[in-house]
Amino acid sequence: MNHKEIEELTSHFNNKKIQGTNYKGISQGKNLIILQVEALQEFVINAKTPSGEEITPNLNRLINESIYFDNIYYQTGGGNTSDAELLSNASVYPAKEGSAYFLYPTNTYDSIGNILKEKGYGTYASHANNPTFWNRAIMYNALGFDEFFSNQKFEINEYIGWGLGDKSFYKQTLDKINKKEPFYSFMISLSSHYPFNFKYFEEYKFDVGKYEGTFLGYYLKAANYADDAIGDLMDYLKEQGIYDNTLIVIYGDHQAVPKDKAEELMEFTGHDYSEAQWTELQKVPLLIHDSSITEHQTISKIGGQIDILPTIANLMDFDVPHALGKDLINTSEGYAVLRNSNVITNEFIYISAENKVYNKENGEEMDIDLYEEKIKELQNHLYISDLILKRDALKNITE
Ligand code: GP9
């Protein structure tokens with residue numbers, strides 16, 4: 001790193017201010033379970049099928065007992081699922097091109113695993129796919145996981161799509177770690193993977209009405225199964241006496257509906273297509289549950305997966321001086337920067353491919369000159385993040 005880059009980096013982090021201490025330390029010392037759910041988009045939450053069936057009844061119920069964030073945009077790039085993992089665990093943006101898991105698997109990261117390991121936690125990542133997929137086996141060392149339970153460590157007694165079904169996956173994961181408290185368990189689900197039309201979902205009993213046999217219909221079934229598996233996991237946590245002593249974080253990793261299926265999404269959600277409206281729909285659910293938090297609420301501040309680590313850090317009371325995200329509970333300013341350089345604030349949506357700004361409320365185009373400074377300021381986060389990845393900057397500045 002050259003002198004200028006060190007200056008830029010340190011001044012970025014020195015200018016960050018802690019904005020509040022609401023719920024600070026409430027989850028300190030508890031276990032942490034983070035559930036990254038494959039292709040779970042926000043539009044299915046509290047939504048119903050044409051026959052009136054809730055798609056995600058378990059999450060809807062859990063949301064009412066949690067802090068729910070309903071304005072969270074996914075920020076993944078070429079590394080897709082693995083990018084979401086990096087965003088949440090290390091609060092850095094994905095690589096500009098390609099996958100950070102392949103490009104920077106030996107960097108220094110101030111990740112949840114590394115931090116909690118130092119505090120005496122056992123740290124476990126689990127995902128029922130081949131350990132080399134997305135270079136996870138190597139990258140998980142850098143992210144501070146003591147053990148990685150890949151498909152080789154599971155009994156494949158329920159088979160959906162790419163492999164072990166979520167229900168069995170969650171239960172087997174918990175059985176491996178529940179005597180090892182305090183633990184951090186990062187579980188990455190798999191059953192609701194694109195294109196969703198697996199044999200299992202052809203025979204799956206969930207009435208999607210007019211969507212039967214369509215792309216969206218299969219997705220609704222997969223999302224319903226993913227939700228059912230989460231419901232079972234919550235029951236199992238309670239049965240095992242772990243639920244009340246665990247901070248539980250659940251979020252979706254990235255889009256389910258690709259752009260060539262945008263019409264189906266617009267029809268289902270009741271919108272007309274525009275680039276700004278499409279961007280608006282690129283949200284994932286994020287919920288945080290701690291039984292000690294009795295005030296349940298939906299927070300609509302704008303954020304992204306990059307904000308998960310600083311939000312957890314406040315709840316568990318540890319420092320993350322090099323996180324690029326913000327604590328979603330205490331921040332006063334909501335915004336999201338996407339890896340394609342789009343920027344979303346309360347006021348506007350900036351679409352980088354068009355270099356145009358739209359009003360967040362009504363979608364009308366606005367004068368870009370009015371927002372240029374703000375857009376540049378927020379896009380600078382991508383530049384700082386690129387330094388962390390390309391220059392292994394966290395290693396360099398600590399040395
Ligand atoms: C593969 C799974 C899916 O192990 O995480 O990855 P994706 O194809 O969605 O990036």
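In this predicted model, strand E13 (residues 343-345) and E14 pair in the antiparallel sense, and two bridges hold the record of that pairing. The pair belongs to an open sheet of five strands, arranged in the order E12-E13-E14-E15-E16 with antiparallel pairing. The edge strands of this sheet are strand E12 (335-337) and E16, each of which pairs on one side only.

**Strands E13 and E14**

- A hairpin through two residues joins E13 to E14.
- Valine 343 stands opposite tyrosine 350 in E14.
- Isoleucine 344 has isoleucine 349 of E14 as its bridge partner.
- Strands of a sheet pair through backbone hydrogen bonds, and the pairing may be either parallel or antiparallel.

**The side chains of E14**

- In a regular strand, the side chains alternate between the two faces of the sheet.
- From E14, Phe348 and Tyr350 point one way, while Ile349 and Ile351 point the other way.
- Phe348, Tyr350, Ile349 and Ile351 are all buried.

**Strands E14 and E15**

- Strand E14 (residues 348-351) pairs with strand E15 (residues 356-359) in the antiparallel sense, over four bridges.
- Isoleucine 349 has tyrosine 358 of E15 as its bridge partner, and isoleucine 351 stands opposite lysine 356 in E15.
- E14 and E15 form a hairpin with four residues between them.
- In the turn of this hairpin, asparagine 355 has a positive phi of about 50 degrees.

**Strands E15 and E16**

- E15 also pairs in the antiparallel sense with strand E16 (residues 365-366), over two bridges.
- Tyrosine 358 stands opposite glutamate 365 in E16.
- Five residues lie between E15 and E16, which form a hairpin.
- Glycine 363, in the turn of that hairpin, has a positive phi of about 75 degrees.

**Asparagine 135**

- Asparagine 135 is found in the loop between strand E3 (122-126) and helix H6 (136-142).
- Asparagine 135 counts as buried because its relative accessibility is 14%, and the cut-off for buried is under 20%.
- Leaving aside residues up to four places away in sequence, asparagine 135 touches Tyr101, Phe102 and Pro105.

**The chain as a whole**

- The chain contains 14 helices and 16 strands.
- A compact globule with 399 residues would have a radius of gyration near 21 Å, so the 20 Å of the chain agrees with that expectation.
- Along its principal axes, the C-alpha trace spans about 60 × 50 × 40 Å.
- Of the 399 residues of the chain, 60% count as buried.
- Among contacts with a separation of 6 or more, 72% are accounted for by residues 24 or more positions apart.

**Surface and charge**

- The accessible surface of the chain comes to about 16000 Å².
- Carbon and sulfur atoms account for 45% of that accessible surface.
- The chain has 35 positive and 59 negative side chains.
- The centres of the positive and negative sets lie 4 Å apart.

Technical notes
Residues are numbered from 1 along each chain as its sequence is written. This is a predicted model: local features need pLDDT of at least 70, side-chain atom pairs count only at pLDDT 80 or more; totals for chains, interfaces and linings use all residues. Side-chain values use heavy atoms; hydrogens and water are left out. Buried means under 20% relative accessible area, exposed over 50%, partly exposed in between (1.4 Å probe, protein chains only). Contact means heavy atoms within 4.5 Å. Two strands pair if DSSP finds at least two bridges between them. The radius of gyration is taken over C-alpha atoms; the globule rule is 2.2 Å times the number of residues to the power 0.38. Accessible areas come from the Shrake-Rupley method with a 1.4 Å probe; for residues, only the protein chains shown count as cover. Lys and Arg count as positive and Asp and Glu as negative; His and the chain ends are not counted. The place of a charge is taken as NZ of Lys, CZ of Arg, CG of Asp or CD of Glu.
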